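Have a look at the sequence and the 3D structure below, and keep them open while you read. We will walk through a few places together.

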Amino acid sequence: MFELFTLNRHILETQRAFPHATGSFTGLLQYIATAAKVVAREVRQANLAEHLGTSGAVNVQGEVQQKLDILAHNVLAKLMVESGYLAAMGSEEEDHEIITPNDHRRGQYVVNFDPLDGSSNLDANIPTGTIFSILPRISSSKEEPNVTDCMQPGRRQVAAGYILYGSATMFVYTTGAGVHGFTLDPTIGEFLLTHPNIKTPDYGTYYSANLGNRLFWSEGVRRYLDDLNLDDKEHGKPFSCRYVGSLVADFHRNLLYGGIYLYPSDSKANPGKPKPKLRLLYEANPLAMLVEQAGGKASDGHRHILDIVPQGLHQRVPLFIGSRQNVEELESYINRYERS
Ligand code: P6P
């Protein structure tokens, strides 16, 4: 029987470390936890409630929107506006930033989120996830909140986390004081602490990548991944390839077991002009904060993800994330084989 250490209690005890805290940050995290429970319920009932399938619309990413993408976005956006703690938000499912209407209380925080990452897998009952990133508002309370509030480097995040809709529903987050994992007990509707102070192994022997894109990667990335399949027992090679095709699920496994997730730029759709896929503000940055808090590393191949100055709300970046030694070895291959 797990001790009944709920997410709410953990958030409140974290607040006690800040004597001047107003409770806004605590309140915002609790609203996100509530949204997580609602989305979890809808994802779990999707097959039964005919929530599966596409909405017929295409989002700003050019991706077909699943019905649950829109549902998850609407739940999060509604609760964030109603919380009164938010000035603005950025969502994968909305072309532009969402400014809290001026007839609602506007708070001192900003949230960027991917409401339901990996949703194209839903019809196959494969795990999906919600990813969120919390930033301090930079516009003054006398100014209109704007997109620059959303577009801050990842180092400015005050919290980040994800909800994994897997065999269990997990809420994993950090406020800069370690990474903590909670598992939803649906019988009491509470997230219970099951993974306190998660630390990722310095070196892992799992890698996650879509090898179908190998021909379209840069030379350094290709050589790195080919070498992971060598017979080199001293370095735990050949590694095991584990690729769910759902970022939160792949990231979570590597966080606990050790390893590296790679989504390099590829020239599949644009010969000679490699393009990245994953989004900086609501995928790479929050996961980068989590992995660094857990002792790992997140890079675009040359720079720390958290140091990148955003150029757009839906900016995409190459992402190499996981155990520190694995990411640094990948970077050494890029430095050795690619003239930047
Ligand atoms: P591919 C899902 O669309 C996603 O954004 C991540 O969750 C996942 O890791 C990746 O894309 C899968 O992309 O090109 O391998 O299907």
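Helices and strands are DSSP runs, a helix having at least four residues and a strand at least two, and they are numbered from the N terminus. With that naming in hand, remember that the model is predicted.

**Two loops to find**

Start with Pro-238, which sits in the loop between helix H5 (219-228) and strand E12 (240-241). The peptide bond joining Lys-237 to Pro-238 is cis, with omega at about 5°. Next, go to the loop between strand E5 (109-117) and strand E6 (128-136), where you will find Asn-125. Asn-125 has a phi near 60°, a positive value in a residue other than glycine.

**Around the ligand**

Which residues come nearest to the ligand? There are 13 residues around the ligand, and those that come nearest are Asp-117, Tyr-243, Leu-247, Tyr-261 and Tyr-263.

| Residue | Atom of the residue | Distance to a ligand oxygen atom |
|---|---|---|
| Tyr-243 | polar side-chain atom | 2.6 Å |
| Leu-247 | backbone N or O atom | 2.7 Å |
| Lys-277 | polar side-chain atom | 2.9 Å |

**Helices H6 and H7**

Leu-247 also leads us to a helix pair, as Leu-247 is one of the H6 residues that meet H7. At what angle do the axes of H6 and H7 cross? Helix H6 (residues 247-257) and helix H7 (residues 280-293) have axes that cross at roughly 15° and come within 12 Å. Angles under 35 degrees count as roughly parallel, so H6 is roughly parallel to H7. The crossing of H6 past H7 is right-handed. On the H6 side, Leu-247, Phe-251 and Leu-255 take part, and they meet Glu-283, Leu-287, Leu-290 and Val-291 of H7. Sorted by class, this contact of H6 with H7 has 6 nonpolar residues, 1 charged residue and no polar ones.

**Helices H5 and H8**

Now return to H5, which packs with helix H8 (residues 324-337) at an angle of about 130°, their axes being 8 Å apart. H5 and H8 are therefore oblique to each other. H5 passes H8 in a crossing that is right-handed. H5 brings Glu-219, Gly-220, Val-221, Arg-223, Tyr-224 and Asp-227 to the contact, while H8 brings Asn-326, Glu-329, Leu-330, Tyr-333, Ile-334 and Tyr-337. By class, the contact of H5 with H8 has 6 nonpolar, 2 polar and 4 charged residues.

Technical notes:
Residues numbered from 1 in each chain as written. Predicted model: local features only at pLDDT ≥ 70, side-chain atom pairs only at ≥ 80, totals over all residues. Heavy atoms only, no water. Axes fitted to C-alpha atoms, helices over the stretch in contact; angles between N-to-C directions. Parallel < 35°, antiparallel > 145°, perpendicular 65-115°, else oblique. Left-handed = near helix turned anticlockwise from the far one by under 90°. Contact = heavy atoms within 4.5 Å. Nonpolar A, V, L, I, M, F, W, Y, C, P; charged D, E, K, R; others polar. Near = heavy atom within 4 Å. Polar contact = N/O pair within 3.5 Å; in protein donor to acceptor, adjacent residues only side chain to side chain.
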